[in-house]
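This report describes one protein chain, from its overall make-up to single residues. The sequence and structure follow.

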Amino acid sequence: SCPLGGSRQWIATSRVKPGTLLLVENPLFTWPAEQIGKSLNLSSLHHLCSLENASQLLHAMEELHPTRSHVNAILSNPETATP
């Protein structure tokens with residue numbers, strides 16, 4: 001479970017009409033104007049690391065990528081590995 005942003009495991013307990021707004025969150029960060037529309041690069045990472053909430057942001061981003069131990073678990077026994 002991720003302390004920021006949830007874990008994308010929402011289950012509706014009733015019918016939800018298409019277009020229904022389910023969740024609104026504040027962004028963890030915003031890109032500077034000079035970054036908008038450009039490819040991500042080293043200066044993008046530098047910007048993220050210079051933010052006041054950099055450690056919180058990087059911790060939240062860890063949930064987006066599998067860890068080495070998770071990958072090894074999947075490779076060694078794909079039937080029992082959990083996402």
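## Basis of the model

The model is predicted; local features need pLDDT of at least 70, side-chain atom pairs count only at pLDDT 80 or more, and totals for chains, interfaces and linings use all residues. Residues are numbered from 1 along each chain as its sequence is written, and side-chain values use heavy atoms, with hydrogens and water left out.

## Overall make-up

The chain has three helices and zero strands, and its elements run α-α-α from the N terminus on. Helices (H or I, at least four residues) and strands (E, at least two) are DSSP runs, numbered from the N terminus.

Of the 83 residues in the chain, 11% are buried. Buried means under 20% relative accessible area, exposed over 50%, and partly exposed in between (1.4 Å probe, protein chains only). The accessible surface comes to about 7600 Å², and carbon and sulfur atoms account for 58% of that surface. Accessible areas come from the Shrake-Rupley method with a 1.4 Å probe; for residues, only the protein chains shown count as cover.

Contact means heavy atoms within 4.5 Å. Among contacts between residues at least 6 apart in sequence, 34% join residues at least 24 apart.

## Helix α1

Helix α1 spans residues 42–50, and Ser 44, His 47 and Leu 48 are buried in this helix. Seen down the axis of α1, these buried residues fall within an arc of 95°, so they line one face of the helix. The arc is that of the directions from the helix axis to the C-beta atoms. The buried residues of α1 pack against α2 (54–62), while the face turned away from the buried side carries the exposed residues Leu 42 and His 46.

Ser 44 counts as buried because its relative accessibility is 2%. Not counting residues up to four places away in sequence, Ser 44 touches Trp 31, Gln 35 and Ser 39.

His 47 has 19% relative accessibility and therefore counts as buried. With the residues up to four places away in sequence again not counted, His 47 touches Thr 30, Trp 31 and Pro 32.

## Nonpolar surface patch

Leu 22 has 65% relative accessibility and so counts as exposed. Together with Trp 10, Val 16 and Leu 23, Leu 22 forms a nonpolar patch on the surface, with about 500 Å² of accessible area together. Patches are made of residues with over 30% relative accessible area and no salt bridge; like charges are joined within 9 Å, and nonpolar side chains (Val, Leu, Ile, Met, Phe, Trp, Tyr) within 5 Å. A salt bridge is a side-chain nitrogen of Lys or Arg within 4 Å of a carboxyl oxygen of Asp or Glu.
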